[in-house]
Amino acid sequence: MHWAKILGVGVGAAALFGLGIILGHFAIPKATDPLSSSTSDSQDLDLAILDSVMGQLDASRIRENLRELSKEPHVASTARDEALVRLLLERWKDTETGLDSAKTSEYKVLLSFPSWEKPNIVEVVGPNGMVFHSFKPREKNLTGEQEGPNVLQPYAAYAPPGTPKGLLVYANRGSEEDFKELESQGINLKGTIALTRYGGVGRGAKAINAAKHGVVGVLVYTDPGDINDGKSLPNETFPNSWGLPPSGVERGSYYEYFGDPLTPYLPAHPSSFRLDLNNISGFPPIPAQPIGFEDAKDLLCNLTGDSAPVPWQGALGCEYKLGPGFRKDGSFPEGSEVKVSVYNSLELRNSSNVLGIIQGAVEPDRYVIYGNHRDSWVHGAVDPSSGTAVLLEISRVLGTLLKKGTWRPRRSIIFASWGAEEFGLIGSTEFTEEFLSKLQERTVAYINVDISVFANATLRAQGTPPVQSVIFSAAKEISAPGPSGLSIYDNWIRYTNRSSPVYGVVPSMGTLGAGSDYASFIHFLGISSMDLAYTYDRSKTSARIYPAYHTAFDTFDYMEKFLDPGFSSHQAVARTAGSVLLRLSDSLFLPLNVSDYSETLRSFLQVAQEKLGTLLQQHNISLGPLVTAVEKFETAAAALGQRISTLQKNSPDPLQVRMVNDQLMLLERAFLNPRAFPEERYYSHVLWAPNTASAATFPGLANACARAQNANSGSEAWAEVQRQLSIVVTALEGAAATLKPVHDL
């Protein structure tokens with residue numbers, strides 16, 4: 001692959017489609033090409049190869065991969081992170097198990113770190129300036145792995161330095177509504193420090209919301225009621241269970257966007273234009289610091305003021321008060337304030353992506369990309385190394401077949417290890433910025449396996465509707481871990497399911513937000529994407545995520561002891577992801593079912609009619625064009641499905657196959673409109689952009705209606721509603737046109 005070569009082509013779906021057919025047809029290797037000497041244009045998925053791969057994926061090798069990957073902290077751009085870059089290159093260049101090629105791409109990106117010399121600290125300061133209590137800047141060393149020169153202290157990445165001091169208030173989850181609730185209670189927030197808990201809104205949003213109301217500093221903790229099912233005692237938590245111990249602190253990026261903060265929409269090369277530091281948006285405007293719940297308890301259980309609302313209460317063993325300030329009979333003198341000292345700094349660092357490539361035998365210019373990030377906050381056994389351990393095992397098995405000469409995929413496979421994901425999906429975003437045109441023209445799908453195992457109960461899959469069918473097909477053919485005797489599919493459906501008007505009861509698929517490296521692929525490039533993992537039984541725990549998330553307790557022993565003893569769930573994810581990968585790379589016809597989008601669009605339409613229809617009618621806005629657009633899409637999708645069925649029964653010409661596959665591949669691009677959400681960076685997909693409204697429908701329309709509901713007809717707010725409706729209608733009509741026969745102009 002010549003990754004530096006980018007074709008200067010527009011991103012419109014129709015133009016991409018036509019050019020893709022022409023380029024693709026002439027790019028197919030002829031018989032003289034050494035890659036195609038043992039293949040034909042009709043090469044299809046080989047079930048014997050698929051079975052062989054499933055049988056060779058080894059749980060014990062995945063375990064050893066994880067042990068190696070997580071034995072030391074590997075924060076982005078550190079020496080250990082770079083050592084793992086070399087490990088990946090070595091594996092992918094191995095003469096017996098390696099791939100066709102492996103390479104790195106390096107970017108100079110803006111990262112944020114705490115100070116080694118002056119650790120961030122939280123103090124209770126009396127009216128006379130005396131420090132009455134100083135909270136620990138680090139987690140307790142419970143297993144000998146929580147201390148050391150490479151263990152970053154807990155901090156809020158990209159929070160600015162500063163030493164704000166003020167009376168403490170409790171602000172629940174730090175949402176805009178939470179701060180308004182405090183003000184409605186008569187609390188003056190100006191000059192206060194807000195104690196918030198994780199969940200509800202993003203990390204950075206807590207500080208942004210707080211600053212709007214005059215708060216000068218933010219503390220964030222994980223409540224045991226949100227993560228430990230209420231358990232908080234040392235003997236109830238790690239290392240005695242999977243629960244977050246009292247000193248555990250969730251690190252994380254508080255940057256509101258993704259990608260390198262200095263080079264939005266540009267790859268972060270040394271020569272690229274960079275914003276002035278004063279012009280960067282998305283950073284927290286005030287200092288912020290995460291703390292453990294044992295420290296939060298000392299603060300929260302000593303607050304004065306009115307009782308917090310019932311939904312704001314938690315599991316720290318006291319009644320939560322709102323403040324401001326501490327009660328007279330508590331642990332701290334009356335009038336004491338909280339001082340938050342943050343010494344974070346911004347640094348330009350080099351961060352690398354690693355790419356391992358298997359060139360396709362028939363369609364080398366069509367890519368199936370399988371990726372995960374490499375960097376962690378500390379040891380990162382679960383996040384992200386469980387995913388990388390699986391990635392390495394899949395690439396080992398496929399590399400072995402490749403080197404033996406027994407298999408080569410129809411389409412090219414790209415394995416990717418992304419850098420600096422924890423700071424804001426940086427490596428994957430820079431990659432999509434650098435190769436935007438090439439990736440939009442040629443990428444079939446993106447498979448993301450970040451945390452491969454949250455726990456060992458069931459598969460969890462998220463993705464766009466067309467990938468549902470290939471995930472279901474893979475899951476039906478693989479046995480679930482444990483003694484049930486069920487397939488992964490049948491086990492999955494027991495834990496989470498929905499009623500489909502087309503298929504009956506099926507497993508529930510989640511949608512894709514911006515929680516991992518799939519974000520820029522789906523939202524920015526419009527590439528069909530998915531995220532796969534094994535997870536826990538949500539009927540048995542209310543944990544919002546595995547309890548050791550982003551802490552120094554996320555270690556190999558934590559994984560082996562509490563999440564996946566025997567690594568059978570890792571193996572199940574490897575088999576599922578490996579099967580999906582082979583089906584996408586080897587099938588003659590791409591296993592993307594575009595008709596599954598019809599169900600989503602029909603659901604969105606029904607919600608729009610039920611929740612927004614009356615309001616829109618009051619302002620003389622009709623949903624009629626949207627109804628027609630959905631019907632056009634349904635008709636076009638069904639017709640394409642029938643055409644594919646007809647072709648599959650015959651011996652189709654390679655160009656016919658190529659044309660149909662390009663329609664399937666390019667459908668997702670038709671939903672992009674880079675001008676739809678000017679306030680949202682990188683979000684161009686009109687179906688999956690952030691929806692902050694209560695109606696689960698087309699996000700732009702829902703958000704615009706929510707903002708306009710109290711505005712007068714003829715206002716700019718209602719003009720925006722009409723604009724968003726037109727954007728959706730145009731996108732659906734364009735998607736339907738993409739699916740029609742290519743000669744139908």
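Which backbone oxygen does the side chain of Ser395 reach? The legends below take up this and related details.

The structure is a predicted model, in which local features need pLDDT of at least 70 and side-chain atom pairs count only at pLDDT 80 or more, while totals for chains, interfaces and linings use all residues. Residues are numbered from 1 along each chain as its sequence is written, and side-chain values use heavy atoms, with hydrogens and water left out.

**View 1. Ser395 in helix α9.** The side chain of Ser395 reaches the backbone oxygen of Leu392 at 3.0 Å. Ser395 is buried, at 2% relative accessibility (buried means under 20% relative accessible area, with a 1.4 Å probe and protein chains only). Apart from neighbours within four places in sequence, Ser395 is in contact with Trp92, Thr97, Leu99 and Phe415 (contact means heavy atoms within 4.5 Å).

**View 2. Val378 in the loop between β13 (363–373) and α9 (381–404).** Helices (H or I, at least four residues) and strands (E, at least two) are DSSP runs, numbered from the N terminus. Val378 has a relative accessible area of 1% and is therefore buried. When residues up to four places away in sequence are not counted, Val378 touches Glu72, Pro73, His74, Val151, Arg251, Thr551 and Ala552.

**View 3. Residues 621–740, annotated in an unreviewed UniProt entry as "domain: Transferrin receptor-like dimerisation".** UniProt positions are given in the numbering used here, with feature names shortened, and annotations may be inferred rather than shown by experiment. Over residues 621–740 the chain is 60% helix and 0% strand, and the end C-alpha atoms lie 29 Å apart.

Key
Buried means under 20% relative accessible area, exposed over 50%, partly exposed in between (1.4 Å probe, protein chains only). A polar contact is a pair of N or O atoms within 3.5 Å; within protein, one must be able to donate a hydrogen and the other to accept it, and residues adjacent in sequence count only if both atoms are side-chain atoms.
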